[in-house]
Amino acid sequence: MIKIKTLEEIELMRESALVVSKTLGMLAKEVKPGVTTLQLDKMAEEYIREQDAIPGFLGLYDFPNTLCMSPNEQVVHGFPNNDPLKEGDIISIDCGAIKNGFYGDHAYTFAVGEIDPEVQKLLDVTKESLYRGIREFKAGNRVGDVGFAIQDFCESHGYGVVRELVGHGLGRKMHEDPEMPNYGKRGRGKKFKNGMVVAIEPMINMGTHKIKQHSDGWTITTLDKKMSAHFEHDVAIVDGKPQLLSTFDYIYEAIGIESDEEDEFRVK
Ligand code: MG
Ligand code: MG
């Protein structure tokens with residue numbers, strides 16, 4: 001069942017999402033060759049608690065850490081560990097937080113130092129596909145419209161769209177209805193209306209869309225061991241239109257990038 005949120009609840013959820021946005025912004029300054037993902041995980045846990053929030057992933061389905069850390073060919077759900085990041089790596093950082101009883105859940109794939117231009121293109125296309133998906137998340141449209149927009153754009157670049165993992169409704173629970181696949185057919189699936197809040201999160205592979213689930217029960221990698229990217233935003237429908245609750249602004253501020261990509265989805 002889809003839980004519709006009131007405008008008051010959406011404002012509370014914006015605070016939850018902002019805790020995560022600020023945490024990713026803090027991490028953006030720390031992602032560099034030599035740092036370990038476990039060090040970043042500890043920084044994030046402390047930073048979230050300082051904001052009177054609770055790490056959202058820690059203990060959820062028995063996950064042992066604050067961040068999902070998925071380098072290079074890992075798609076999502078990787079564990080932080082003691083391996084230092086290296087120049088040329090990419091690292092997908094997925095972060096959750098609970099504030100006001102609501103979850104924030106969003107993700108960004110960072111470049112570690114200088115990366116291959118082909119890999120940079122994967123990041124750019126995946127992030128662009130996220131906004132193309134968000135643009136379709138409006139009253140009257142359906143789940144398949146978002147999935148189609150993401151899939152069509154990524155496949156036009158020859159990339160693989162992961163099927164087994166999907167976006168989701170978001171609220172007092174981390175995973176609510178509806179499921180939000182990153183593939184689909186226009187006009188199919190559940191219809192969107194005001195007060196829906198979802199996490200849209202394309203997981204896009206440079207090669208095959210096929211994945212491998214590891215025996216640790218969590219880590220997922222691409223079957224062909226090519227790179228994979230993951231970007232995620234929390235979005236509400238207000239006045240029929242998509243409104244971003246999360247933001248990459250803190251990341252861009254930290255790494256010195258100017259971007260107007262979120263402007264069309266901001267509160268006017
Ligand atoms: Mg996430
Ligand atoms: Mg999510």
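This is a predicted model: local features need pLDDT of at least 70, side-chain atom pairs count only at pLDDT 80 or more; totals for chains, interfaces and linings use all residues.
Let's start with the metals. Which residues hold the magnesium ion (ligand 1)? Asp 94, Asp 105 and Glu 232 coordinate this ion. Along the sequence, the spacing is D-x10-D-x126-E.

Now the magnesium ion (ligand 2). Its donors are Asp 105 (OD), His 168 (NE2), Glu 201 (OE) and Glu 232 (OE). Here the distances are 2.1 to 2.2 Å. The spacing in the chain reads D-x62-H-x32-E-x30-E.

How far apart are the magnesium ions, ligand 2 and ligand 1? They are 3.1 Å apart, and Asp 105 coordinates both. Asp 105 sits in strand E5, and His 168 in strand E7 (residues 167-169). These two are 63 residues apart, so this pair links distant parts of the chain. Is Asp 105 buried or exposed? Asp 105 is buried, and His 168 is too. Glu 232 is also buried.

Next, the helices. Helix H1 spans residues 7-30, and helix H2 spans residues 37-50. Their axes come within 10 Å and cross at roughly 140°. The crossing of H1 past H2 is right-handed. On the H1 side, the contact uses Val 19, Lys 22, Thr 23, Met 26, Leu 27 and Glu 30. H2 brings Leu 40, Met 43, Ala 44, Tyr 47 and Ile 48. By type, the residues of this contact are 8 nonpolar, 1 polar and 2 charged.

Last, the rings. How many aromatic pairs does a search of the whole structure find? The count is 10. One of them joins Tyr 108 and Phe 110. That pair is tilted, with 4.8 Å centre to centre and 55° between the planes. Tyr 108 counts as buried because its relative accessibility is 8%. Phe 110 counts as buried too, at 3%.

Phe 231 and Phe 248 make an edge-to-face pair. Phe 231 lies in the loop between E13 and E14. Phe 248 lies in the loop between strand E15 (241-244) and helix H5 (249-255). The two are 17 residues apart. Phe 231 is buried, with a relative accessible area of 1%. Phe 248 is buried as well, at 0%.

Which residues do ring pairs link into a cluster? Tyr 108, Phe 110, Phe 231, Phe 248 and Tyr 252.

How values were computed
Residues are numbered from 1 along each chain as its sequence is written. Chains are lettered from A and ligands numbered from 1 in the order in which they are written. Side-chain values use heavy atoms; hydrogens and water are left out. Donors are N, O and S atoms within 2.8 Å of the metal (3.2 Å for Na, K and Ca); water is not among the atoms, so sites may look incomplete. Buried means under 20% relative accessible area, exposed over 50%, partly exposed in between (1.4 Å probe, protein chains only). Axes are lines fitted to C-alpha atoms, for helices over the stretch in contact, and angles run from 0 to 180 degrees between N-to-C directions. Helices (H or I, at least four residues) and strands (E, at least two) are DSSP runs, numbered from the N terminus. A crossing is left-handed if the near helix is turned anticlockwise from the far one by less than a right angle, and right-handed if clockwise. Contact means heavy atoms within 4.5 Å. Ala, Val, Leu, Ile, Met, Phe, Trp, Tyr, Cys and Pro count as nonpolar, Asp, Glu, Lys and Arg as charged, and the others, Gly among them, as polar. Rings of Phe, Tyr and Trp (its six-membered ring) pair if their centres lie within 6.5 Å; planes under 30 degrees apart count as stacked, over 60 as edge-to-face and the rest as tilted.
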